[in-house]
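Student: Could we go through this model and check what the labels on it rest on?

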Amino acid sequence: MFFGSPKLFDRGLAWFHTNFFSHYQGESLLGDATPAYSDRDRHPGTPERVLRTNQNTKIIYIVRNPLRKVESSWQMYSNLSFDNSSTNEHRLYCIRAREGFQSYVSDPHLLAHFMSVCSYQYQLDAWNKHFPRRHILVMFLEDLATDRAKELSRLCNFLDLNVEPLLDAQLRAENTLQDRRKPHWFTSYIGKYGIHRLLPAPMRKQLSKSRLFSAPQVSLLKPTWPGEVLSEFTSRVQPNVKNFLRTNGKSEVFYTF
């Protein structure tokens, strides 16, 4: 969030490097990534701060189907704790997410945010104003999933890197919804009275992932869009996304609503 926060940015590059790049060992590139950098309404001035730091910065903008983006956000906040929330906004996201998907997307404040961050051309225009097109690479998550080698080659060509080490690497996403499980109601009862401690640790770990004690979240966190909300979201976002798709060599129906 260094470039998205005026407060952090004012601490200077030395502070940024010391706190976030102490592991640096002479690599040719350093990177910083957060979805907040593609949220121009909440974090205005981000491209300008990047430009002031390094005019040769290369920007990688990765997008996915807008509907799936919102649904993934709900699934993420359903798993986050809001007991020690740093902001009231974070707490609101967590509370609405736990109330269910319909409550999450029907909140006017949250829906307005989703419509903004999913208007991809609108978000990218903030960067286009400050950086030449050759400094910006747009990537689609769907393309990465279907042809990883081709997309990694594009990425490495953009960054002037050798793609071979990436093609050979075993890359695996961590903490995905497919990996998460939700304990059954009686599991917390067992934990409360320490009954589980009677079993060896490896057995406890294995049982915690079994159907007896938990269920896969992917089977539980299934979003259903309210008709009126979907209609409002589509009418606001779809025209902007169609323009974005055309500009980046995709069919207007690459993303369906």
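Tutor: Here are some labels, each set against its definition. This is a predicted model, where local features need pLDDT of at least 70 and side-chain atom pairs count only at pLDDT 80 or more, while totals for chains, interfaces and linings use all residues. Residues are numbered from 1 along each chain as its sequence is written, and side-chain values use heavy atoms, with hydrogens and water left out.

Student: What does the secondary structure of the chain come to?

Tutor: There are 14 helices and four strands, taken as DSSP runs numbered from the N terminus (helices: H or I, at least four residues; strands: E, at least two).

Student: Why are helix 8 and helix 14 called oblique to each other?

Tutor: The axes of helix 8 (residues 120–128) and helix 14 (residues 227–247) cross at roughly 60° and come within 7 Å. Axes here are lines fitted to C-alpha atoms, for helices over the stretch in contact, with angles from 0 to 180 degrees between N-to-C directions. Under 35 degrees counts as roughly parallel, over 145 as roughly antiparallel, 65 to 115 as roughly perpendicular and the rest as oblique. So helix 8 and helix 14 are oblique.

Student: Which residues of helix 8 and helix 14 meet?

Tutor: With contact meaning heavy atoms within 4.5 Å, Tyr120, Gln121, Tyr122 and Leu124 of helix 8 meet Asn240, Val241, Asn243, Phe244 and Thr247 of helix 14.

Student: What makes Asp143 buried?

Tutor: Buried means under 20% relative accessible area (exposed is over 50%, partly exposed in between; 1.4 Å probe, protein chains only). Asp143 has 14%, so Asp143 is buried. Asp143 sits in helix 9 (residues 141–146), and its contacts, leaving aside neighbours within four places in sequence, are Arg148, Glu151, Lys250 and Phe254.

Student: What joins the side chains of Asp143 and Lys250?

Tutor: A polar contact of 2.7 Å. The term covers a pair of N or O atoms within 3.5 Å; within protein, one must be able to donate a hydrogen and the other to accept it, and residues adjacent in sequence count only if both atoms are side-chain atoms.

Student: Which residues have the most contacts inside the largest nonpolar core?

Tutor: Val70, Tyr104, Val105, Phe114, Trp225, Phe233 and Phe244, in a core of 43 residues. A nonpolar core is a set of buried Ala, Val, Leu, Ile, Met, Phe, Trp, Tyr and Cys residues joined through side-chain atoms within 4.5 Å. Helix 14 gives the most to this core, with six residues.
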